[in-house]
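Hello,

Here is the structure I said I would pass on. My notes on it follow below; please read them with the model open.

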Amino acid sequence: MMISSCTPGLLFLLLGGHMFSNFTGSLVHMRYLSLLEDFEAINTYSWGSCVLDFLYRHLCTAALGGARQIEGALVILQIWAWSHIPLLQPQLIRHELDDPLAPLGVIWCTSFDCTQLPTHTLVTYRDQLDFMPSDQFVWLPYHGRDLVPSDLWGAEVPFICYEIVEYHFPRCVNRQFARDQHIPASCDSQLDLYRIILEEMITLIEGRSMLAI
């Protein structure tokens, strides 16, 4: 009984606090309720593409002038930064992955030592990134790891998460998968997709379509 009563709360914490986190900090949209109706079908949904779709869109909007907040699974962005830019990495005791198909971020599941890293100093990080030579960027973070078939991660398809649609263009980052990186052709991001807004999203600010977590 305790497990069954706590499971919905834990799932909403996962959805609203990690996978699709928003600027409210403690609310999750009610539209996700429909995804939890059939527990047997949950593992058939493409959660990864939805999470990336949500993050891609909000990385884009956060880059606009005047933006002060960002939404989405920022832990993915943090893992990307640590995997590619050593100067941002905390000191840690690395361990080998027992499962070659385990997520790359698992290597950071250990004790951190951040004493050598500047904290709360945006100017310092900007200066380090501005003057970082190209040989200090890790171009092949997945070297030596078994990846899923390329027809999955290499597919150029739209990621769809409700009203958010972002196209996936892996050809722009072939180098990180140890493939020849040619100058990518122009990518049609279809800017009209950015004008799609659910009518119910208007009430999001007021919290009428949100649930507390």
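Of the 213 residues in the chain, 29% count as buried, where buried means under 20% relative accessible area, exposed over 50% and partly exposed in between (1.4 Å probe, protein chains only). Please note that this is a predicted model, in which local features need pLDDT of at least 70 and side-chain atom pairs count only at pLDDT 80 or more, while totals for chains, interfaces and linings use all residues. Residues are numbered from 1 along each chain as its sequence is written, and side-chain values use heavy atoms, with hydrogens and water left out.

Overall layout. The chain has 5 helices and 6 strands, taken as DSSP runs numbered from the N terminus (helices: H or I, at least four residues; strands: E, at least two). Starting at the N terminus, the order is α-β-α-α-β-β-α-α-β-β-β. Taking contacts (heavy atoms within 4.5 Å) between residues at least 6 apart in sequence, 58% join residues at least 24 apart. The chain exposes about 14,500 Å², of which carbon and sulfur atoms supply 61%; accessible areas come from the Shrake-Rupley method with a 1.4 Å probe, and for residues only the protein chains shown count as cover.

Cores. A nonpolar core here is a set of buried Ala, Val, Leu, Ile, Met, Phe, Trp, Tyr and Cys residues joined through side-chain atoms within 4.5 Å. The largest one has 16 residues, and Leu15, Met19, Phe20, Tyr32 and Trp47 have the most contacts inside it. Helix 1 (2-19) and helix 2 (47-62) each supply at least two residues of this core, and helix 2 gives the most, with 4 residues. Leaving out residues up to four places away in sequence, Phe20 touches Leu15, Tyr32, Trp47, Cys50, Val51, Phe54 and Cys161. A second, separate core of 8 residues includes Trp82, Ile85, Ile107 and Phe137.

The buried residues of helix 2 are Trp47, Ser49, Cys50, Val51, Asp53, Phe54, Leu55, Arg57 and His58. The 16 residues of helix 2 should span 22 Å at 1.5 Å a residue, and its end C-alpha atoms are 22 Å apart, which agrees; the expected span is 1.5 Å times one less than the number of residues. Ile164 belongs to strand 5 (residues 164-167) and is buried, with a relative accessible area of 3%. Apart from neighbours within four places in sequence, Ile164 is in contact with Asp53, Phe54, Arg57, His58 and Phe159. Ile164 and Phe54 are 110 residues apart along the chain, yet their C-alpha atoms are separated by 6.9 Å.

Tyr162 lies in the loop between strand 4 (158-161) and strand 5. Its phi is near 55°, a positive value in a residue other than glycine. Tyr162 is partly exposed, with a relative accessible area of 35%.

Surface patch. Tyr56, Leu59, Ile70, Leu74, Leu77 and Trp80 form a nonpolar patch on the surface, with about 450 Å² of accessible area together. Helix 2 and helix 3 (74-84) are the elements that give two or more residues to the patch, and helix 3 gives the most, with 3 residues. Leu77 is in helix 3 and counts as partly exposed at 34% relative accessibility.

Regards

How values were computed. Patches are made of residues with over 30% relative accessible area and no salt bridge: like charges are joined within 9 Å, nonpolar side chains (Val, Leu, Ile, Met, Phe, Trp, Tyr) within 5 Å. A salt bridge is a side-chain nitrogen of Lys or Arg within 4 Å of a carboxyl oxygen of Asp or Glu.
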